[in-house]
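Student: I have a new structure open and would like to learn how to read it. Could you guide me step by step?

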Amino acid sequence: FILGNGGQKAQGFLPKRGSFIGLQTDIPLIPESGISARLSAGTLKYSTNQYNNMYAAVIGGFWNNNFTRRLELQTRVGAGPAWTASSCGLDVTAGASFNVILGNNFKVRAFADYEGAASVAMEGWMNSVIAGFSAGWFL
């Protein structure tokens with residue numbers, strides 16, 4: 001979901017919709033917290049029916065709160081560069097996920113992330129909420 005001023009979307013300054021795919025890793029430093037890194041790529045569609053690819057590399061921190069051996073809540077924040085073919089800028093993220101640990105090294109999660117990006121080509125920030133499910137292995 002891309003949040004923002006409808007007038008800026010209609011004029012083509014902010015995208016109307018988009019889709020993203022990413023790869024994220026969490027590197028524990030101390031129990032229950034550490035460094036989180038994410039690479040993502042996405043396609044943004046503007047009201048002028050133009051498409052633009054956006055790429056981002058974000059690094060930050062994560063914190064786990066274990067409720068039981070199998071249930072945990074994870075929060076994370078990060079910042080890094082974002083770029084398109086015509087400009088570059090800043091990308092900031094914050095998110096939370098509810099994780100269910102299945103087996104010794106496998107977890108599934110439901111997540112919601114806020115992402116804000118600004119670049120020279122955009123007037124203001126592109127704000128989006130990304131929600132979904134993921135699964136992964138951990139050590």
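Student: In which strand is Ile 35 found?

Tutor: Ile 35 is found in strand β3. Helices (H or I, at least four residues) and strands (E, at least two) are DSSP runs, numbered from the N terminus. Before we go on, please keep in mind that this is a predicted model, where local features need pLDDT of at least 70, side-chain atom pairs count only at pLDDT 80 or more, and totals for chains, interfaces and linings use all residues. Residues are numbered from 1 along each chain as its sequence is written, and side-chain values use heavy atoms, with hydrogens and water left out.

Student: How many helices and strands are there in the protein?

Tutor: The protein has one helix and eight strands. Starting at the N terminus, the order of the elements is β-α-β-β-β-β-β-β-β.

Student: Is Ile 35 buried, partly exposed or exposed?

Tutor: Buried means under 20% relative accessible area, exposed means over 50%, and partly exposed lies in between (1.4 Å probe, protein chains only). Ile 35 has 30% relative accessibility, so this residue counts as partly exposed. Across the protein, buried residues make up 33% of the 139 residues.

Student: Which residues form the nonpolar patch on the surface?

Tutor: Patches are made of residues with over 30% relative accessible area and no salt bridge; like charges are joined within 9 Å, and nonpolar side chains (Val, Leu, Ile, Met, Phe, Trp, Tyr) within 5 Å. Here the nonpolar patch is formed by Ile 27, Leu 29, Ile 30, Ile 35 and Ile 59, which together have about 480 Å² of accessible area. Such areas come from the Shrake-Rupley method with a 1.4 Å probe, and for residues only the protein chains shown count as cover. Strand β2 (residues 17-30) gives the most to this patch, with three residues.

Student: How many salt bridges does the count come to?

Tutor: A salt bridge is a side-chain nitrogen of Lys or Arg within 4 Å of a carboxyl oxygen of Asp or Glu. The count comes to four salt bridges. One of them joins the side chains of Glu 115 and Arg 38, at 3.4 Å from N to O. Glu 115 lies in strand β7 (residues 106-119) and Arg 38 in strand β3 (residues 33-45), so this pair ties together parts that are 77 residues apart in sequence. Glu 115 and Arg 38 are both buried.

Student: How far apart are the closest N and O atoms of Lys 107 and Glu 72?

Tutor: In the salt bridge between Lys 107 and Glu 72, those atoms are 2.5 Å apart. Because Lys 107 lies in strand β7 and Glu 72 in strand β5 (residues 71-83), the pair ties together parts that are 35 residues apart in sequence. Lys 107 is buried, with a relative accessible area of 12%, and Glu 72 is buried with 4%.

Student: Which residues does Thr 93 touch?

Tutor: Contact means heavy atoms within 4.5 Å. Leaving out residues up to four places away in sequence, Thr 93 touches Arg 38, Val 58, Arg 76, Val 77, Gly 78, Tyr 114 and Glu 115. Thr 93 is found in strand β6 (residues 88-102) and, at 13% relative accessibility, counts as buried.

Student: How much space lies in the largest cavity?

Tutor: Rolling a probe the size of a water molecule over the atoms shows where empty space is left. On a 1 Å grid over the protein atoms alone, a cavity is a set of points where a 1.4 Å probe fits but cannot get out, and a pocket is an open set with protein on both sides within 12 Å along at least five of seven lines; lining residues have an atom within 4 Å of a point. Grid points are joined across faces, edges and corners, and a volume is the space filled by probe spheres set on the points. The largest cavity holds about 100 Å³ of space. It is lined by 15 residues, of which Ser 36, Arg 38, Val 58, Arg 76 and Thr 93 are the closest to its centre.

Student: And how much space lies in the largest pocket?

Tutor: About 950 Å³ of space lies there. Of its 34 lining residues, Gln 24, Thr 25, Asp 26, Gln 74 and Arg 109 are the closest to the centre. Strand β2 gives the largest share of that lining, nine residues.
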